Amino acid sequence: MSDIVIRERVLKNGTVTFEYSFEIAPINGKRRRKSKSGFRSKREAKAAGKLAQQQYENTGTTIANKAEMSYSDYLKFWIQKDVATTCKDATVENYEKKIRLYISPFLGEKRLRSIVRQDIKDFLEKMYDDGFSKNTISVCKGIITKSFDYAVDSQILSSSPATGIKRLSKGGRPPKNPTRTSPHVYIPKEQMDQIFERFPCGTSPYLSLMTGYHCGTRLGESYAIVEEDIDFVNKKLKLNRQIQWKSDSTRTKEEIQQSNGSSHAGNGYWYFTEPKYRSYRIIDLDDDMIELLSDIIGRRKSSEKYYGSHYVHYYVDQPLLNSGVAPETPIPDNPLKSSGKHELHLINIREDGSFITPRTMQHTATVIQKQLGIKDFDYHSLRHTHSTMLLEMGAPDVYIQRRLGHTSSQVTKEVYTNHLTPAIQNKGLDVLQNLY
């Protein structure tokens, strides 16, 4: 390690400052030095130079001392350097939201190096007592743990205060406030009949409502289906992707026009990405869905001829996978465009071919909640209802699990098939009456 050289510098206005410099690795055989000036004294310059030199020798760069940053600023640095380069946009946005709403208000003002294990435990305990859901607390704990792991891996810190911290859960003391859990809603048949009476065949949300109710698909999966995913011969649906919205306020009107078809279509675009948890799968289709999908495709072809050049077409630059089987290598995001290399045949479209986006379901859910009085309805309710109906009719657990795309049967049992409906109650009663 070379010696640190301190030099006095006199600015044009007569101000005296000090500069440190030290030798760093040569490039192409040429010796190089790293320097920084503007210090008020020799002592200050020497201390800063020593720290910079140590960081250079340990990490290969003269980055500022990140350990001195506020945890809030460090989290922004971590998101940019690590999360944004390794995770999907939806994950990045979710992390940023959790940081903004929960983590930064409690821990953000502390220096990164000053946060200790008890600070993190106090934060998680406060979330527990404030009634936050198990999932929200788990995500926040994961963000904190991963951010400190990155600090250790990057040699910003020598150890992580978040290692091995357990979250308060069932079996321990109850929270001081009721847990903020959204109910897992099962929609009885009479209410589903009301919904389809309000949104019959021919309305914009009808197909997606039917897909969720008959197939148990997630919202993004339902709107990402194309004709090539449907196997009419074997009555199968291959679920290969989901569709998501990407905000992008930096785009020009021309770029928005090219991607969205209108310069007023919003600062962002729809894109295809892999199913949640890479849950590629092939599921059975009942006769009602086969008939509906066949009718939709027939009408699409007729409308395309009728509208001619005014019919709306969509494209992607990368061809879509239609196998229903997860590829070995993750597929990159694939934006939906008004022009491109590969034309799409989406099924959630209007008569003129324009895409019916997942945002339609926001209005639909509001109507169902307020006009029909089904207050807890959301699109995920259809997924719960579908899985519960399968259970009522005696479908094997593993069949329901694979159909929903869960990697663990525990999630299926604990969350999606734990509704005690009248049919399940009566089945249990029949078993009890014949038990002895």
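**Burial, salt bridges and ring pairs in a predicted model**

Arg278 is partly exposed, with a relative accessible area of 31%; the term covers the range between buried (under 20% relative accessible area) and exposed (over 50%), with a 1.4 Å probe and protein chains only. The structure is a predicted model, in which local features need pLDDT of at least 70 and side-chain atom pairs count only at pLDDT 80 or more, while totals for chains, interfaces and linings use all residues. Residues are numbered from 1 along each chain as its sequence is written, and side-chain values use heavy atoms, with hydrogens and water left out.

The side chain of Arg278 meets that of Glu274 in a salt bridge, at 3.0 Å from N to O; such a bridge requires a side-chain nitrogen of Lys or Arg within 4 Å of a carboxyl oxygen of Asp or Glu. Glu274 counts as buried, at 4% relative accessibility.

Arg281 is buried, as is Glu221.

For the protein chain, the secondary structure comes to 15 helices and 11 strands, taken as DSSP runs (H or I, at least four residues, for helices; E, at least two, for strands) numbered from the N terminus. Of the 436 residues, 40% are buried. Among contacts (heavy atoms within 4.5 Å) with a separation of 6 or more, 66% are between residues 24 or more positions apart.

Helix α7 (residues 206–215) is mostly covered, 10 of its 10 residues being buried. Among them are Tyr206, Met210, His214 and Cys215. Gly216 follows α7 and has a positive phi, near 70°.

Three strands form an open antiparallel sheet in the order β6-β7-β10. Because β6 (242–247) and β10 (334–335) stand at the edges with a single partner strand each, one side of each is left without a neighbour in the sheet. Strand β7 (residues 268–273) is joined to β10 by 2 bridges, pairing being defined by at least two DSSP bridges between strands. The bridge partner of Phe272 in β10 is Asn334.

The structure holds 16 aromatic pairs. The rings of Tyr74 and Phe77 have centres 6.0 Å apart and planes at 40°, so this pair is tilted; Phe, Tyr and Trp (six-membered) rings pair with centres within 6.5 Å, planes under 30 degrees apart counting as stacked, over 60 as edge-to-face and the rest as tilted. Both residues lie in helix α2 (residues 71–86), 3 residues apart, about one turn of the helix. Tyr74 is buried at a relative accessible area of 0%, and Phe77 is buried at 16%. The pair of Tyr306 and Tyr307 is edge-to-face, since the ring centres are 5.3 Å apart and the planes lie at 85°. Tyr306 counts as exposed at 68% relative accessibility, whereas Tyr307 counts as partly exposed at 24%. Ring pairs also link Tyr71, Tyr74, Phe77, Phe148 and Tyr150 into a cluster.
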